[in-house]
Amino acid sequence: QVQLVESGGGLVQPGGSLRLACKASGSIYTINAMGWYRQVLGKEREVVAERNLGGGTIYADSVKGRFTISRYDADNTVYLQMNSLKPEDTATYYCRVVGYYCSVYNCDRPGPHFEEWGQGTLVTVSE
C-alpha cells in the first residue's frame, strides 16, 4: 500500500502564490515520477507539471514560467510552487505518483508497478 497526503490548497487573490505538497509513504521500492494534475468540474483532468526520476520535468503551457515543481527523494515529497495565480487556475489539484512497490519478501527488490492518486486539494483564485 502507498498513501499520499496532500496539503497547501486554499483561497488566494489573483497574482498571489500558493505551494502544494504531496508526501508518499508506505511500501515503496522506488518512485519513477511524481506530478500534479488538475480538474475542473465537467472537464477532463489535465497535467500541470510532472517530474521523473531522472529530473526531467514537463509543464502545461498555461503554467510555464509561473509554476515550479520540485521533488525531494529523501522523503518522497513533491511540491508545486504556484506564483502569479490567475482565476483560470482555479481547480482541484491532484498528486500522482508512479513507481514500484516493495516485493512481498522485502524492500531490497521491486514488486508490482503502481500508480496512485491523492485525494485532491482545492485551489481557488478569486478576489
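## Two strands side by side

Strand E8 (residues 77-82) and E7 run antiparallel, joined by six bridges. Strands here are DSSP runs of at least two residues, numbered from the N terminus, and two of them pair if DSSP finds at least two bridges between them. One example: Ile69 has Leu80 in E8 as its bridge partner.

This is a predicted model, where local features need pLDDT of at least 70, side-chain atom pairs count only at pLDDT 80 or more, and totals for chains, interfaces and linings use all residues. Residues are numbered from 1 along each chain as its sequence is written, and side-chain values use heavy atoms, leaving out hydrogens and water.

## The sheet around them

E7 and E8 belong to an open sheet of four strands, ordered E1-E3-E8-E7 with antiparallel pairing. Strand E1 (2-7) and strand E7 (67-72) are at the edges with a single partner strand each, so one side of each has no neighbour in the sheet.

## Rings that meet

Rings of Phe, Tyr and Trp (its six-membered ring) pair if their centres lie within 6.5 Å; planes under 30 degrees apart are stacked, over 60 edge-to-face, and the rest tilted. That rule gives three aromatic pairs. In one of them, the centres of Tyr72 and Tyr79 are 5.6 Å apart with planes at 75 degrees, so this pair is edge-to-face. Tyr79 is buried at 16% relative accessible area, while Tyr72, at 47%, is partly exposed. (Buried means under 20%, exposed over 50%, partly exposed in between, with a 1.4 Å probe and protein chains only.)

Tyr101 and Phe114 make a tilted pair, 4.9 Å centre to centre with 45 degrees between the planes. Both Tyr101 and Phe114 are buried.
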